[in-house]
Amino acid sequence: MKTLEMSYSHLLDYLNPRLLYFAAFQEDEVINVRRLLWLWISEGFVQLTEGKRLEEVAYDYLMALINSSLVIVTRQRTMGGAKACQIHDLVHEFCVEKAKEQGFLHIIDSWIDPFSLTRPCNHHRVCVHNTRELKTWESMLIFPNLRCLILFGRDHFEEEDLGILLPKLLRVLDLGDLNFRKSFPMEVVLLVHLRYLVLNKVTLIPSAIANLSRLETHIVKYPFTEIVLPDTIWKIRTLSYLRTTHRTRGFIFTDGNLEVSPYLDHLDTLNLAIDPSSQSLQKILTKLPSIRRLKCMRPYKSREATRNCNEILVFDCMSQLESLHLIDFQGYGFKFPLNLKKLALSRNSQPWNEISTIGMLPNLEVLKLLEDSFVGEEWEMKEGEFLNLRVLELSCLDIGNWTASSDHFPHLEKLAVHQCKKLEEIPFCLGECLTLEIIEVKGCRKSVTYSVKQIQQEQMDMENEVLKIIIGDRYEEESNSSEAESILSEEESNFTEVESIPSEAEEISSG
C-alpha cells in the first residue's frame with residue numbers, strides 16, 4: 001500500500017480521479033475500455049483538446065495510467081491499442097479506500113440496512129454491488145445530491161416492486177440488470193441532467209426521452225426485440241452513442257418526418273435495425289453525418305421475406321465512417337465509402353465475384369467474412385485487391401478453393417480461418433508475406449493445417465521468426481460435418497468495431 005500511495009502521489013493531478021474511478025467496478029472485473037471512456041466523458045472528466053475528439057483525449061488519459069503500470073491491458077484491439085483492461089486486486093483495494101477517504105465514491109455492498117446511514121449524505125457517486133434488496137427510491141432519500149448511480153448484480157424484482165424514484169441531479173445512471181419487462185421507466189425522463197443511461201431489456205423508447213436534452217450515451221442491454229425510437233429522438237442533438245448488447249438487435253428509427261428532422265451531428269456509434277425495402281436507409285444516413293462506427297442489421301420480421309431484388313444499399317455518403325458491420329441483407333449489394341477501415345459481413349449470402357468491390361477499398365485494414373457472408377465454393381482473387389489489408393478472418397463459410405498470388409495481401413499481419421469445413425488449403429503464397437504475424441486455424445480440415453505448416457516453414461526459411469501459428473480443434477474429414485462441434489462461441493460483439501483475432505465477445509455489461 002505504501003508503494004501504491006507513492007505511485008498515486010506521483011501521478012499528474014488530472015489522472016487521480018480517473019484512477020479512483022476504477023473503484024466503481026468490481027474486484028477482478030475486466031472492463032470494456034470504450035465503456036470506461038464514455039463514463040469519464042459523461043462525468044465531465046475529459047477536457048476538449050483542439051484537433052482531438054473527446055474519446056481520443058480520454059484514451060490518452062487511460063494510456064497514461066497504463067504506462068504507469070497501475071492499469072493492465074487484458075485484451076488488445078485488432079489494430080493495436082487497449083480493448084479491455086483491469087487493475088490488480090491490491091490496486092483495486094487501494095482505489096476503494098482512497099475513494100472513500102476523499103469522498104469520491106461510496107460503495108454499497110448490501111442494501112439490507114440502507115438507513116444505517118442516519119442522515120442524508122453528500123456523496124456524488126454511488127455503486128451498489130448487491131441489488132437484491134434495493135429500493136431505488138431510498139437512494140434519493142439518502143443521497144439527494146447524487147450525480148452517478150451504477151448498479152451491479154442480477155435482480156429478482158417484479159416490475160411493481162421496483163419503486164423507482166431517482167435523484168434529480170443524476171448525470172450517469174446504469175441500472176444494471178434490473179428487469180423492466182420491456183417497459184421504459186418513465187421516471188428516468190425527469191432526469192434532465194442525464195448524460196449516460198444504461199437500461200435492461202426495454203424495447204420501446206417513449207417520446208418524452210426528448211426531455212433528456214444532454215444525453216450522450218444510451219445503451220440497452222439484452223433487448224428481446226429491436227428497440228423502436230420515437231420521432232423526438234432527433235431533438236437530442238448531444239447523442240453520441242446508441243448501442244445494444246445483442247449482436248442482432250438494434251434501434252429502429254421511424255419513417256415519419258425524416259425530411260424535416262434535425263441532424264444528429266454528434267452521433268458517433270450506432271446499432272441500426274432497418275428494413276432495406278422501406279427506402280428510408282438513405283434518408284436516415286444523411287441525417288447522421290458524423291457516424292464513425294455503424295452496425296446495421298435487418299429486423300427479424302423482415303428477414304423472413306428473403307428476396308433477390310438486386311438493389312444496392314449505398315453507404316458511400318458517409319464521409320466519416322471507419323467501421324461497418326452488415327448483418328442479414330440477403331439479396332442486396334453494397335456500395336462502400338472509400339474511407340472505410342474495418343468491415344464485417346454476416347449472413348448476406350453474396351456471390352464471391354462481388355468481393356472485388358471490397359478488395360478495391362483503398363483504406364481497408366480489417367475484414368471479417370462471417371457465417372454465410374459469401375456463398376459458393378471458390379474465391380479467386382484478382383490483381384490489385386486488398387493492398388492495405390492487415391487483418392482477415394474467414395468464419396463459417398462454405399468456400400472450398402481459395403486462389404491467390406504473391407501480389408495479394410502485401411501488408412497482411414493476422415489471418416484467422418474458423419469452421420470453414422470445405423476449405424482445402426490456405427494459399428501457399430502467404431509464405432512470401434513478410435508482414436505476417438499470426439495464423440489461426442480452428443475447426444478446419446487436416447489439409448488446411450498442413451498448408452499452414454508449409455507456410456510457416458517457408459517463413460522460417462526467409463528468417464521470419466515472428467510468425468505465430470495457432471491450431472485449434474481440427475475438423476476430421478471422415479466425421480459427419482453436421483455433427484462436428486463448433487469451437488467458436490456465438491459472436492456477441494456489440495460494437496460496430498470489428499473484433500480482434502481470436503474472436504472474443506465484446507459485450508458491454510454492467511456487471
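In this predicted model, helix 3 gives the largest share of the lining of the second largest pocket, namely three residues, and both helix 3 and helix 4 supply at least two residues each to that lining. The space in the second largest pocket comes to about 470 Å³, and of the 20 residues that line this pocket, those closest to its centre are Leu54, Ser240, Tyr241, His266 and Asp268. If we sort that lining by class, we find five nonpolar, seven polar and eight charged residues.

Let me turn to the largest pocket, which has a volume of about 570 Å³ and to whose lining helix 3, residues 33-43, and helix 4, residues 54-67, again each supply at least two residues. Its lining is made up of 20 residues, and Arg34, Arg53, Arg77, Arg292 and Arg293 are the ones that lie nearest its centre. By class, the lining of the largest pocket holds twelve charged residues, along with five nonpolar and three polar ones.

Now, how do helix 3 and helix 4 cross? Their axes come within 9 Å and cross at roughly 110°, and because angles of 65 to 115 degrees count as roughly perpendicular, helix 3 is roughly perpendicular to helix 4. The crossing in which helix 3 passes helix 4 is right-handed. On the helix 3 side the contact includes Val33, Arg34 and Trp38, while on the helix 4 side it includes Leu54, Glu55 and Tyr59. Taken by class, this contact has twelve nonpolar residues, two charged residues and no polar ones.

Conventions: Residues are numbered from 1 along each chain as its sequence is written. This is a predicted model: local features need pLDDT of at least 70, side-chain atom pairs count only at pLDDT 80 or more; totals for chains, interfaces and linings use all residues. Side-chain values use heavy atoms; hydrogens and water are left out. On a 1 Å grid over the protein atoms alone, a cavity is a set of points where a 1.4 Å probe fits but cannot get out, and a pocket is an open set with protein on both sides within 12 Å along at least five of seven lines; lining residues have an atom within 4 Å of a point. Grid points are joined across faces, edges and corners, and a volume is the space filled by probe spheres set on the points. Helices (H or I, at least four residues) and strands (E, at least two) are DSSP runs, numbered from the N terminus. Ala, Val, Leu, Ile, Met, Phe, Trp, Tyr, Cys and Pro count as nonpolar, Asp, Glu, Lys and Arg as charged, and the others, Gly among them, as polar. Axes are lines fitted to C-alpha atoms, for helices over the stretch in contact, and angles run from 0 to 180 degrees between N-to-C directions. Angles under 35 degrees count as roughly parallel, over 145 as roughly antiparallel, 65 to 115 as roughly perpendicular and the rest as oblique. A crossing is left-handed if the near helix is turned anticlockwise from the far one by less than a right angle, and right-handed if clockwise. Contact means heavy atoms within 4.5 Å.
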